[in-house]
Amino acid sequence: MDTLSVPLSRYKEVVDRLASDIRAGRLRPGTRLPTHRDLAASEGLALATATRVYAELQVMGLVSGESGRGTFVKEALPRGHGIDLRAWNDDTTELTFNSPTLPGQSDLYRTALRRLAAKGDADALLRYRPHGGSDAERAVAAAHMAARGVPASADSTLLVSGAQHGLTIAAMALFEPGDVVAVDALTYPGFKLAAEFSRLELAPVPATPDGMDLDALADLCRRRRVRAVYTMPTLHNPLGWVASDAWREALAVIIRRHALILIEDGAYAFLAEHAPPPLAARVPEATVYVSSLSKSVATGLRVGAISAPPAWVPQLERAIRATTWNTPATMTAIVCGWIEDGTVARLEAEKRRDAAQRQRIAAEILGRLGPVSHPTSYFVWLPLAQEVRADAIAMALMLERISVSTAHPFAVTHVPHAIRLALGSVGLDDLRRSLTAVARVIADQTDR
């Protein structure tokens with residue numbers, strides 16, 4: 001019997017019954033469900049159909065499949081947990097998303113608005129702008145990226161509404177549905193989302209301590225028609241690595257050998273001092289470099305920039321037109337002014353110091369749990385013991401009004417036992433309190 005021989009209503013009946021039992025609490029969180037083979041036997045299904053039942057329940061967020069252990073009912077996390085979760089109450093401590101701000105930033109914003117209002121050309125801010133920014137704005141953004149070693153010029157630079165927008169338009173403009181993009185097995189959830197909407201296939205590549213396993217990538221390129229690589233070589237999210245010069249050069253060789261497009265995500269690169277030159281400096285003819293001021297300045301400004309080979313710029317401009325037309329003129333004017341007067345450079349230096357302080361607090365409280373991080377990053381990856389379920393940890397913390405992310409949003413295939421903690425959105429006292437709660441909840445779950 002194959003999947004197609006089972007009437008659709010019968011297959012859906014099993015899915016709906018299990019989903020109903022889970023939502024009603026008849027199957028409690030942590031319950032181990034029958035093996036695929038046992039489910040097939042008890043329900044009169046083909047083994048492939050039983051596997052499909054569990055796969056659908058997993059997509060619905062109701063179960064988790066754990067390699068070597070089985071399929072378990074998940075905790076009922078708040079709707080949208082993962083990529084889209086926002087703090088669900090004003091008194092929730094946000095450790096899911098980073099929105100780092102510094103004292104005095106609101107005053108900087110007020111001053112910038114007053115200066116814009118006093119300018120004689122304020123009317124220009126109310127009209128349509130060029131899709132990728134004016135020539136002057138593109139030159140400012142290019143100079144900002146060039147200071148990090150990106151070979152950017154006004155002709156190769158486009159302004160976008162943050163790094164997420166930059167990744168999305170790259171996926172829209174440069175690829176066809178079905179194209180294969182190699183990514184880290186644990187990667188930025190926003191790129192997963194952009195790939196989903198552009199119908200790209202993500203091919204996960206395992207990690208080494210230095211970055212993506214390049215031997216595995218080379219083997220993948222020999223076996224399949226890989227179109228591109230997406231990576232974060234300077235302060236990887238969520239694992240925090242800064243790839244070495246040798247790794248970068250080896251990846252550049254693979255890019256050229258297989259004629260790949262490289263999408264280099266530099267959203268967090270400002271936090272890593274003295275990092276090796278970006279990959280864009282090694283393979284400028286094949287690289288889209290994505291930058292943003294959302295983390296280095298403020299998440300609400302939604303202004304970023306991409307640098308790409310000039311031949312690709314018209315395609316990228318069309319994607320900007322199709323999505324936002326142009327970045328908000330007022331926000332762009334403020335950001336460009338802050339780049340030119342040194343405000344952005346000052347904020348970035350202060351945020352590196354702030355991130356380092358937060359990492360010291362995290363190391364003090366979580367050090368015995370084996371956290372994975374970078375000394376100046378705004379996040380911590382916290383692997384869990386095999387017997388500890390990440391969704392149970394997340395739910396227990398949510399009951400204490402602390403929001404964290406499980407590994408699920410970051411995983412392309414196998415979901416490891418881990419949580420990611422964003423350190424940049426709360427005050428230092430709240431951070432210390434909430435990380436102490438994280439350590440306590442993990443200890444409680446481990447002792448069960």
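Predicted model: local features only at pLDDT ≥ 70, side-chain atom pairs only at ≥ 80, totals over all residues.
Leaving aside its neighbours within four places in sequence, which residues is Gly162 in contact with?

Residues are numbered from 1 along each chain as its sequence is written, and side-chain values use heavy atoms, with hydrogens and water left out.

First, the layout. The chain is divided into domain 1 (10-73), domain 2 (93-98 + 346-447) and domain 3 (105-341); these bounds come from an automatic or database domain assignment. Taken over C-alpha atoms, the centres of domain 1 and domain 3 are 40 Å apart.

Now back to the glycine. Gly162 sits in the loop between β4 and α6; helices (H or I, at least four residues) and strands (E, at least two) are DSSP runs, numbered from the N terminus. With neighbours within four places set aside, its contacts are Ser292, Ser294, Arg302, Val303 and Gly304, where contact means heavy atoms within 4.5 Å. Gly162 counts as buried because its relative accessible area is 0%. On that scale, buried is under 20% relative accessible area, exposed over 50%, and partly exposed in between, with a 1.4 Å probe and protein chains only. From Gly162 to Glu56, 106 residues apart along the chain, the C-alpha separation is 33 Å.

Next, the cores. A nonpolar core here is a set of buried Ala, Val, Leu, Ile, Met, Phe, Trp, Tyr and Cys residues joined through side-chain atoms within 4.5 Å. The largest has 32 residues, and Ile263 and Leu316 touch the most other members. Elements that each supply at least two residues to this core include β4 (157-160), β10 (261-265) and α10 (313-323). Its largest share, seven residues, comes from α6. Not counting residues up to four places away in sequence, Ile263 touches, among them, Leu167, Phe191, Val229 and Val290. A second, separate core of 26 residues includes Ala362, Ala390, Val438 and Ile442.

A search of the whole structure finds two cavities of 30 Å³ or more. On a 1 Å grid over the protein atoms alone, a cavity is a set of points where a 1.4 Å probe fits but cannot get out, and lining residues have an atom within 4 Å of a point. Grid points are joined across faces, edges and corners, and a volume is the space filled by probe spheres set on the points.

The largest cavity has a volume of about 220 Å³. Of its 16 lining residues, the closest to the centre are Ser64, Ala390, Asp391, Val415 and Pro416. Where does it lie? Domain 1 and domain 2 both give residues to the lining, so this cavity lies between them. The largest share of the lining, four residues, comes from β1. The lining divides into six nonpolar, six polar and four charged residues; Ala, Val, Leu, Ile, Met, Phe, Trp, Tyr, Cys and Pro count as nonpolar, Asp, Glu, Lys and Arg as charged, and the others, Gly among them, as polar.

The second largest cavity has a volume of about 80 Å³. Its lining includes His144, Leu159, Val303, Gly304 and Cys336. Val303 and Gly304 are also among the contacts of Gly162.

Last, an arginine. Arg352 lies in helix α12 (residues 343-366). Is Arg352 buried or exposed? Arg352 is buried, because its relative accessible area is 17%. Beyond four places in sequence, Arg352 touches Phe270, Leu271, Glu273 and Thr376.

Notes. 1 Å grid on protein atoms, 1.4 Å probe; cavity = no way out; pocket = protein on both sides within 12 Å on 5 of 7 lines; lining within 4 Å.
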